[in-house]
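Subject: Structure handover

Hello,

Here is the structure I promised to pass on. Please open it alongside this note. What I found comes after it.

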Amino acid sequence: MSEPVSNQEGAHFKRSMQTRHLVMLSLGGVIGTGLFLSSGYTVQQAGPIGAVLAYLVGGIVAWLVMMCLGELAVHMPNSGAFSAHASRYIGPGTGYMVAWMYWLTWTVALGSEFTAAAVFMGRWFPDIPGWYWSGLFAAIVFGVNAFTSRFFAESEFWLSLIKVIAVVVFVLVGAVAIIGWVPLHDAAGAEVASPGLSALWGEGAMPPNLLAIGTALLAVMFAFSGTELIGIAAGETANPGRNVPKAIRATLWRLILFFVGTIVVIAALLPQDQAGLSESPFVGVFQRLGVPGAADIMNFVIITALLSAANSGLYASSRMLWTLADQGTLPKSLGRLNKRGIPMNALLLSMVGGLGALFSSVYAPETVYLVLVSISGLAVVVVWMAIALSQFNFRRHYLREGGQLKDLVYRTPFYPWVPILAFAACLAACIGIAFDPHQRVALYFGVPFIGLCYLVHFVRYRASADRPAYVDNPVEEKPV
């Protein structure tokens, strides 16, 4: 088994993650407040049929991207993942841009997760200031990441498992209620007959127009972001040639089942005028089923989801900084690993960035924080485009250099159509943002930020004597 290739000498990342860790890491990055809080809003805006179609299409696009990432991650397992792949197979400027955008995505998420978790804790402890909870959760998440990658993976496994169990129970109980085996209750508490699946073909089931589906699809693609964490964790996974493909297959069909199943239950059991952002649709459905303490149960699950997202976010952002340092575009101190295989300096800087995002969300929500959120919202689709293009170029490079397809442990099927379709779908989503007034701001700040990344990289490394190490010594390709 080859170690992750690195320009840094000394310690290496520890290969301690197993398939179950990868699956739960990816599920934990995706199943979050977007599902527990925003899924009802999707049903309200696009209608039940429109929401189901949007989640199906979004799941297919995520599947296409993950198949591309699988080939890259297995052939070149590296904790820099798609940033390292983009540097090698698209260009160093693109790899630099992808790393910064993805770092910013998760750093902004850190701040928002800590803030939201403190708000939800206020339900039970209204007299304790929110900053206390934010600080406590930040310390816990940092400690989990700073110990060992195995400890991080175990903690994320159990945090994600709570969310997965909540979704599975919700779907199963909802299915039983749809059949009519469990009574429903109206707002007054009286029992009512189950509507079955009539909401899926009754009045208001279809979206008002195609733009509603397009807008929902954009939100859904963002909801599926986090699946790419498998690529980052590949560099710290035991036997990535076996575990990464298994994790990709297991993760994606579960996600599609969870998301589509959840939407069907919400659409069938929760009146469309009650689905929105005022409360979790999970709470609304559980209350109709007469589940005692539904709000408190979901409050606990949502806090768990927030901490899980913060846990994954700090992990991902620290590995992106490590990648930039490993490639020579940031100080080498950020690329150093301690004896436990943790990039402690990169971890500290990512946490500082997360706390900065937290403070900006409180003191500058309409200026600094708005810019950060806008850029991070666009970043996911841009990263997915880079993954698809990297795989397309990698396969051409691999064959041109005399490589044999039979030697690839994992091959993206239906090449070149899978990377082409994945890239085209993500590009269409970027274009579609311009037609949504609520998300258009992402282009106003995101596109200039992308241009700035390329400009900084060009200005800093235009002289051959000051080129980063990975340009002269590209990452080796080592089949696993």
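Is Arg395 buried or exposed? Arg395 is buried, because its relative accessible area is 5%, and the cut-off for buried is under 20%. Before going further, please note that this is a predicted model.

**The chain as a whole**

The chain has 480 residues, and 56% of them are buried. It holds 17 helices and two strands. Take the contacts with a separation of 6 or more: 81% of them join residues 24 or more positions apart.

**Salt bridges**

The count is three salt bridges.

Start with the partner of Arg395. Its side chain meets that of Glu71 in a salt bridge, at 2.7 Å from N to O. This pair links distant parts of the chain. Glu71 sits in helix 3 (residues 39–75) and Arg395 in helix 14 (residues 368–400), 324 residues apart. Glu71 is buried too, at a relative accessible area of 1%.

Next, look at Arg123 and Asp296. Their closest N and O atoms are 2.8 Å apart, and they form a salt bridge. Arg123 is partly exposed, at 46% relative accessibility. Asp296 is partly exposed as well, at 33%.

The remaining bridge joins Lys406 and Asp407, with closest N and O atoms 3.5 Å apart. Lys406 is exposed, with a relative accessible area of 67%. Asp407 counts as partly exposed, at 39%.

Helix 13 covers residues 344–363, 20 residues in total. From first C-alpha to last it reaches 28 Å, close to the expected 28 Å. Its buried residues include Ala346, Leu347, Gly353, Gly354 and Ser361. What covers them? The cover on the buried residues of helix 13 includes helix 5, helix 6, helix 12 and helix 14.

Helix 15 runs over residues 417–433 and has 17 residues. It reaches 24 Å between its end C-alphas, close to the 24 Å expected. Val418, Pro419, Ala422, Cys426, Ala429, Cys430 and Ile433 are its buried residues. Where do they fall around the axis of helix 15? They lie within an arc of 105°, so they line one face of the helix. Turned away from the buried side of helix 15 is a face with the exposed residues Trp417 and Ile431.

**A nonpolar patch**

Trp124, Phe125, Ile128, Trp131, Tyr132, Leu136, Ile140 and Phe300 make a nonpolar patch of about 810 Å². Which helix gives the largest share of the patch? Helix 6 does, with four residues. Leu136 is found in helix 6. Leu136 counts as partly exposed, at 34% relative accessibility.

**Where to begin**

I would start with the buried pair, Glu71 and Arg395. Then move to the patch around Leu136.

Best wishes

Key:
Residues are numbered from 1 along each chain as its sequence is written. This is a predicted model: local features need pLDDT of at least 70, side-chain atom pairs count only at pLDDT 80 or more; totals for chains, interfaces and linings use all residues. Side-chain values use heavy atoms; hydrogens and water are left out. A salt bridge is a side-chain nitrogen of Lys or Arg within 4 Å of a carboxyl oxygen of Asp or Glu. Buried means under 20% relative accessible area, exposed over 50%, partly exposed in between (1.4 Å probe, protein chains only). The expected span of a helix is 1.5 Å times one less than its number of residues. Contact means heavy atoms within 4.5 Å. Patches are made of residues with over 30% relative accessible area and no salt bridge: like charges are joined within 9 Å, nonpolar side chains (Val, Leu, Ile, Met, Phe, Trp, Tyr) within 5 Å. Accessible areas come from the Shrake-Rupley method with a 1.4 Å probe; for residues, only the protein chains shown count as cover. The arc is that of the directions from the helix axis to the C-beta atoms.
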